[in-house]
Structure formats: C-alpha cells, structure tokens
Amino acid sequence: MLYDVNLQISYLYDTPVSGGRHIVRVLPLSIGGRQRLVAGTVGVNPGPGERVDHNDFFENPMSSILFRNAHERLDIRMQARVHVDMPEPAADFSPRVADLPEDIANYWSLDAGSPHHYTGASPRLKDCPEIAEYARAIAKPDMTIRAIATAVCARIHKDFTYDPKATNVDTTPREAFKLKRGVCQDFTHVMIVALRSLGIPAGYVSGFLRTIPPAGKERLEGADAMHAWVRFWCGRVNGWLELDPTNNIPAGTDHIVVAYGRDYADVAPVIGILKGYGQHKTTQAVDVIPVRQTA
C-alpha cells in the first residue's frame, strides 16, 4: 500500500513563551521488508533559531529544535509518502516462556533491536502486580510466546473500553487497568507491562492508522490522531512481531510506523521545555490517504 500522510500539531499559548527546546519525532521510518519512506518533510512555524535532524538510539528520525524569540503559537507539520508492505507472519516457531530466557541470553548484541532493552521496567512502565496477575491468568505453560501475546491482546480488547475522555497522556498503566478504559496509549502500555511480567520482551510502537477503511470494513479506532501498538520478541526464529490491542489485530498494511521504543517516553511526538506561564491548547490532525497506484 502507498499512502500520503499529513500531520499537523499546533500549540496555542495563553501568553508568549520563549527559550523553547523540543524534540520532534513524527516522520515515518524506513524498515527493510516492512515499510519505505518515499519522501517526507517536517516543517516548523515559527522557524527555530537552531535545528538539527538526526536519529535517536532506537534509530528513529528526530528533529531537535531551539527557539530564542518569543512566540504565541507553534505549528509542526509533517508530510510524507510511505510504501507499506507488511508481510504475513511466518509459521509460529516461537518458544514457550520457559525456553525464552535462553534465546534472550544468546542475543549478544545491544543494538536498537536487542530484546535486552525491552525487559523489566522502563521510564513510564513499572512493575504492576495487578497486571502481572491478569497476565498469568491468560498464559498457559504449553502456549508459545506468540500465542500468549495474541491471547493477551484479545483479552485487553475485550475487557477495556476505548474512551478518549477517561485518561490523559500521564495516566499510568495501573490507573488505566483499574478503569478498564482509555485510548491506544493505555491499551499498549497495559499490554507491554503484562508481557514483560511474563518475561516476554515488549515495546511501544508509535505511528499512524489508515484513515479511510477498505470497502466493507469498519473504521479502526484511533485513526484521527497518532496511534500506538505493541511489538514483542518471539525468539531467534520469529523475531519481532506487532499487535494492535486497541483493535485486536496484527499490525498490517493499515499501520505506518513512526518510532520504536520501550514506552511512550521514548517515542513521544513532541517533548521539551520552554519559559512561560499560563495554559496552552494543543490540537492534532491526521490524514492517511491511500494513493492509487498505476500499473
């Protein structure tokens, strides 16, 4: 599938702010055998005093921007053309949980895709006994890693209600789990904590969803803003796979990856600091439009 993706994030401040330093991660990735960024730009208005484009540790494209002059509004716009060709998952050769530690131990690299980075706690995801108990009730000793992840994904989708008003960006997995409500970030964080509690390496995927559903299919939840889903490591043979607990589906050609990380803190579209007082209003608009390809 070929898509044109447009994103606009706007911040409107009550009073002029200054000294802003931000990191922006909104440009889709190029991933061998999965996704190719054909062309893309990230524009910022007003123009920053300094800008450096580079990749972070997890190989996600990012822009570091600095503002010296006061401004009342900040607009960030991303435009990209992306080709997505998500292959069908191979047969399930993932190990059982009891055998996974050996596969992890035999992964000697600490590169960006190493499962070692995705076990245990991370900046936003601490151990949660309630979620761990929930995961243990789903996982059975004879199940493979992939089967467990699929079952956890389906159970979260069944037990949780998609509700944009129930949580905010700072809601913890424990709080979202208690509410059994939230948005894609909450579904994703709860699933990551659940899988890690079982010893399964799991991480956060930030990206976009196709806005217009195929004929005869329902519209997917979370398509009006940036979306999130889960990647989990299935051992040396199957490697990393991705599941979307918000919609209870494997990530496919409707899913466009922007960034990989341990949790939301690693992939937030915009983070930073500035000098000012008062409140601000944030708006986000996303369009993911399929492009008709000619033979």
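Start by selecting Glu59, which sits in the loop between strand S3 and strand S4 (61–66); helices (H or I, at least four residues) and strands (E, at least two) are DSSP runs, numbered from the N terminus. Glu59 has a positive phi, near 70°, although this residue is not a glycine. Buried or exposed? At 53% relative accessibility, Glu59 counts as exposed (over 50%; buried is under 20%, and partly exposed is in between, with a 1.4 Å probe and protein chains only).

A quick note before you go on: this is a predicted model, where local features need pLDDT of at least 70, side-chain atom pairs count only at pLDDT 80 or more, and totals for chains, interfaces and linings use all residues. Residues are numbered from 1 along each chain as its sequence is written, and side-chain values use heavy atoms, leaving out hydrogens and water.

Next, pick Asn45 and Pro46, which are joined by a cis peptide bond with omega at about 5°. Pro46 is in the loop between strand S2 (35–45) and strand S3 (50–55).

Now jump to Asn248, in the loop between strand S10 (240–244) and strand S11 (249–250). Asn248 counts as partly exposed, at 32% relative accessibility.

Last stop: select helix H5 (residues 184–197). Of its 14 residues, 13 are buried. Just after H5, click Gly199 to find a positive phi of about 90°.

Technical notes: Expected span 1.5 Å × (residues − 1).
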